[in-house]
Amino acid sequence: MSILLFLILSIIKSAVVIGVLLTAVAYSVWLERKVSARIQNRWGPTRVGPFGLLQPLADGAKFIFKEDLTQPHVYKPLYIAAPILAVVFAITSISVVPFGNSLSTPEINVGHWFTIPAIDTPFQITDLNIGLLVVLGITSMGVYGVALAGWASNNKYSLLGGLRASAQMISYEVSLGLSLIPVLIKSGSFSLRAIVESQAHLRWNVWSCPVWYLPFGTLAFFTYLISAYAETNRTPFDLPEAESELVAGYHTEYSSMKFAMFFMAEYANMVTVACLATLLFFGGWLGPVFGPPILQMVLPIFWFCLKVFFFMFLYVWVRWTLPRFRYDQLMAFSWKFLLPVAVANIVVTALYVALRS
Amino acid sequence: MLHLILFLFFGAICVAGAVNLLVQSHPINSALSLIVVMASLSAEYLLLGAEFLAAVQVIVYAGAIMVLFVLVIMLLNAGTEEHTKGSRIAIILGVPGVAIGAVLVAWTLLFRAHTSSVPLGALPGGPQQIARLLFHQFLLPFEVTSVLILIAIMGAVVLASKPEAVAKRHPRETPQELPELVGVRLAGQGKEH
């Protein structure tokens, strides 16, 4: 493949993936409002478009036209940089996530002088052999957006929110990373594509997913899920923005698009976490595939999106069902319960794999 | 060619971040410059073909250790640093010293060292190779390092916890308000409430 073709393909893929991600982010806000309304026996957004489907657009327009307040007491460079950092790190990690098998088209002749060459490219921006570590690294950098927002706002509630966020994310990152190791022991690779392909021995048997396949795969999955909820600052772990104690936590002083950027970062992180859960524990794009070639290309993406959608729904469901932790409970839960469980699970899985081989 | 350009680019960012770290007077700006240094170092590792090291550099240094730096700076609410007599002397002596050292190192590397350049990816950089090195050849140093870290943790606990006699005599003296608000409990004082 020539460099030019590679470059064009990469640009197109990045544009499509970011476009889809941002749309997914917008519509997960809509989903959240609808599901929460359903849970609380109300309607949710209904006025803008059918079922309120255009509500995200209306919200976006509202955010753009709101006054962008910058308080005189903030530390300006970091106050402005913080939301940008948050959203950049949140969006970057999607670049290594694979969505499906691969796109292959034959050579197409357009007229006499122009030929679109044959394309064979995976449904993924880039397949790194350290893909999973890249996601973890970017997630761990994501805490700066929140921490610096809290500090630069120069406001005690924001500062406490930022401090809580950094302490919480550092703590849960440990159990998050450790909970993934059983899957890595089984697959033997950091590449997300290779991890999914290692789950494909029985084409569309759900029982071959690591969740069921490993001795305590379900345990690893739940450890991952709980840590991931804490890592994305979602209820029941949304202490950094606990409105009953800290006004709005780290984004108290932010308005207009800057606030919207934190919002986008949170939902983009949720999407990334849902993608990882799908890829590592539920077989990614694997699922029943049939029909003509075009359908065989599209169906895996459909299965992937369906699984991600399920995890997004689970996020919303959990948020509107469970109450918030107390801060000391949060820390004790991470260090005294989740971490030992994750470590024990690694040992058991390693023994299992060593004895089986 | 592209590798060389990228290598020089990230090298320049790394040096600029390091200089900025020294020039900035506020601790949080210095900490952020250090993060830039760490991140561009990881890009350099990546260009040298050590992709695992690059990822670990970001996860551990830029993502975990520097977050703790920033956390401590935020927790202590450290203000702008002031220049003391000692720091002025350090600047006057240090800047020429660094310049002389840099010239010496560059001169030695350019004219005296009889080494050839290392081709890209010639060094073991993948997770498998590093794991093999760590758990076969360097198993003892690796395990001893973990004991070293354990000792450091124990030292931190000993320093952080007050002697019991002092804590009993002056129960008000322990700084309870701030850690309690933030939710971070200092070691050894969690039992009382």
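In chain A of this predicted model, the axes of helix 9 (residues 217–231) and helix 13 come within 10 Å and cross at roughly 145°. Axes here are lines fitted to C-alpha atoms, for helices over the stretch in contact, and angles run from 0 to 180 degrees between N-to-C directions. Helices (H or I, at least four residues) are DSSP runs, numbered from the N terminus. Helix 9 of chain A passes helix 13 of chain A in a left-handed crossing; that is, the near helix is turned anticlockwise from the far one by less than a right angle. A:L219, A:A220, A:T223, A:I226 and A:S227 of helix 9 meet A:L338, A:V341, A:A342 and A:N345 of helix 13. Two residues are in contact if their C-beta atoms, placed from the backbone, lie within 7 Å. Six residues of this contact are nonpolar, three are polar and none is charged. Ala, Val, Leu, Ile, Met, Phe, Trp, Tyr, Cys and Pro count as nonpolar, Asp, Glu, Lys and Arg as charged, and the others, Gly among them, as polar.

Helix 9 of chain A also packs on helix 6 of chain A, at an angle of about 155° and with the axes 8 Å apart. The two helices are therefore roughly antiparallel (angles over 145 degrees). Their crossing is left-handed.

Helix 6 of chain A has 32 residues. From first C-alpha to last it reaches 46 Å, close to the 46 Å expected at 1.5 Å a residue (1.5 Å times one less than the number of residues). A kink of about 30° lies at A:I181, shortly before the proline A:P182. The bend is the angle between axes fitted to the seven residues ending there and the seven starting there. Just after helix 6 of chain A, A:G188 takes a positive phi of about 70°.

Between the chains, 24 residues of chain A are in contact with 21 residues of chain B. On the chain A side, helices 4 (131–141), 5 (143–152), 6 (156–187) and 13 (327–356) each give two or more residues. Helix 6 gives the most, with nine. The chain A side divides into 16 nonpolar, five polar and three charged residues.

The axes of helix 5 of chain A and helix 3 (residues 51–76) of chain B come within 11 Å and cross at roughly 10°. These helices are therefore roughly parallel (angles under 35 degrees). A:V143, A:A147 and A:W151 meet B:V67, B:V70 and B:M74.

Residues are numbered from 1 along each chain as its sequence is written, and chains are lettered from A and ligands numbered from 1 in the order in which they are written. In this predicted model, local features need pLDDT of at least 70 and side-chain atom pairs count only at pLDDT 80 or more, whereas totals for chains, interfaces and linings use all residues.

Notes. Parallel < 35°, antiparallel > 145°, perpendicular 65-115°, else oblique.
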